[in-house]
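Hi there,

Here is the structure I promised to pass on to you. Have a look at it first, and then read my notes below.

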Amino acid sequence: MQSKKDMVDKEHCYNQKVTHDRCLTRSNLNRDIIDTSLFFDYNADDIHPLQFKITHSEREENVNLPSGWKVVGRKQSIFELDTNIHTLGELYNTLVELRDKLPHTLEVKQDHVLSRAQTSSSNNLFLSPIISQSLSVSQSASSSDIDMADEYNRLIDVYPGFIFENLIEIHLTCISYRRTQPEHLLATYKKGGKSKALLSAVYAYGAMHAVICHPNLFGIYSFMNQLAYDAYQCAHELIEFDSVEINTVETLVIMYLYLMMVGQEDKARNMLGLAVRHIEIIIDHKSHQQQDIHRLFLWITELDWHSSIQSYQQPLITVEMVKQSIAFVKPISSSESDITDIKALKSRLKGLQLSLFRQQDEGTMLYRQLNEWKSRYLQIFLYRRYPDREYSLEDKHALHLHALYFSAMLQLYQQKMMTTFEDSNKRDTSEWIDYFHYSVHCQSKVENYLYASMNAAYGFIQVIKILMDESDHCLLPNFIDILSAACTILYFGNKVAASNNNMLLKSEEALSFIAHAFLSSTTQSIMQCPKIDRFIQRWRKFII
């Protein structure tokens, strides 16, 4: 990655080169909202939309539409239609009629014909209507007239060229799954051979990640937030949602990360669900047994399980689905960093599995399993194994695993504490009893679980403190929900645990750190993440 001085020099040269009339700048994108989008019934028995892709050469006139419908434009695989529909009943009946008219065979690209597969997810996966955008304020052509290649080229022309290669390096270093040949993505980018939708998504999330987590390198550029927004809109325009390809899957996952970062969790979940649907089909296709596919699947699994734990939702991917990929992925013996990354990934997945399915196990058994897991990963990953050396890849993985361990313990003890409350209330069905009217025995159990939860919360915040001391902010956006839960248990536990002086001091120390850590000059950029900003605004009034 280029030094900060080199990047400043390049931006200065770029600014000298660009004239005033060329500043399309960052963007005030015009929005032409599509009135109606055409969607197919994914559960239809006669044809599955993921089995085919309509070729770009196919004319709109060949699309067999219901009476009164007219194609007025299209964006890749999305049609823009004028219809005569006025009620939901008419919409339903017309879509059923349209589905029944679909032929049993369509012109397909042979390379992408994949066998049907059942998915584990029961979520309704849908594609939101495309919002047509133009990167030029002076561009007044309708969405059907915009050439997709020009859309991407327009994005590239607006911003300094050196920034895009840096964002790809950020993606490979901090964001993406571990490829068997990570340098291949950068090489194909330089040759212009990579999917433009994928590259646009990489620029979008990479720009946000760079400015939030690496402000020392990218904080000097005022255009990064606008670049992220423009690149995401470009990716949304370019991606073909129904194309079952590896590039589509990775693009959807990166778009998911972007939406999670900006606080649009519901839309993000739909993107991840569609990515899971595609990757399952690809893995079931016998000719697609490349190791990178399974590495991508494990990366998606980690994201899915981590999100499900924090949001208390059912995961899209089950343990049974992961076993094949776990066995298939082998580290490259000639690469020490690849060996380290793959071992860390498998260790994290084991910890997430234990935490995710904690409700299916007895608390005592899960407590023992979590500590056994911790003992195993400490044999491989130890923070500051060599104190005199600089912050290393092993240190980073060790702190990530510690964060997962303490978050799992926190959730386990919180669950046990609430279960004790529920069990005590069940004994007396006449009225609800609050904590202060429980028996001494019950209060003692609740307090023990409370203290254990507070200890876990304190340990988790200590890991966050070390990460910030090491100037490693890459994990913070992903753990902000757990950090909020840790603050909650410490703040309210501090009001109850008045008899435990040691716990009072720990909770006050941890809360004081949280109150000031995110507001210092070195971490101010983190506040540009909406989730982190909401967290700080919520807690600063309680603990400052």
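A polar contact is a pair of N or O atoms within 3.5 Å; within protein, one must be able to donate a hydrogen and the other to accept it, and residues adjacent in sequence count only if both atoms are side-chain atoms. You can find such a contact at the start of helix H6, where a side-chain oxygen of Ser 195 comes to within 3.4 Å of the backbone nitrogen of Ala 197.

Before going on: this is a predicted model, where local features need pLDDT of at least 70 and side-chain atom pairs pLDDT 80 or more, while totals for chains, interfaces and linings use all residues. Residues are numbered from 1 along each chain as its sequence is written, and side-chain values use heavy atoms, leaving out hydrogens and water.

Helices here are DSSP runs (H or I, at least four residues), numbered from the N terminus. Of the 18 residues in H6, 17 are buried (under 20% relative accessible area; exposed is over 50%, partly exposed in between, with a 1.4 Å probe and protein chains only).

Now the salt bridges (a side-chain nitrogen of Lys or Arg within 4 Å of a carboxyl oxygen of Asp or Glu). The structure has 14 of them. One joins Lys 531 and Asp 481, at 3.4 Å from N to O. This pair links distant parts of the chain, helix H19 and helix H17, 50 residues apart. Lys 531 is buried at 10%, whereas Asp 481 is partly exposed at 36%. Another pairs Arg 154 with Glu 151 at 3.8 Å, and both are buried.

Enjoy exploring!

Key:
Helices (H or I, at least four residues) and strands (E, at least two) are DSSP runs, numbered from the N terminus.
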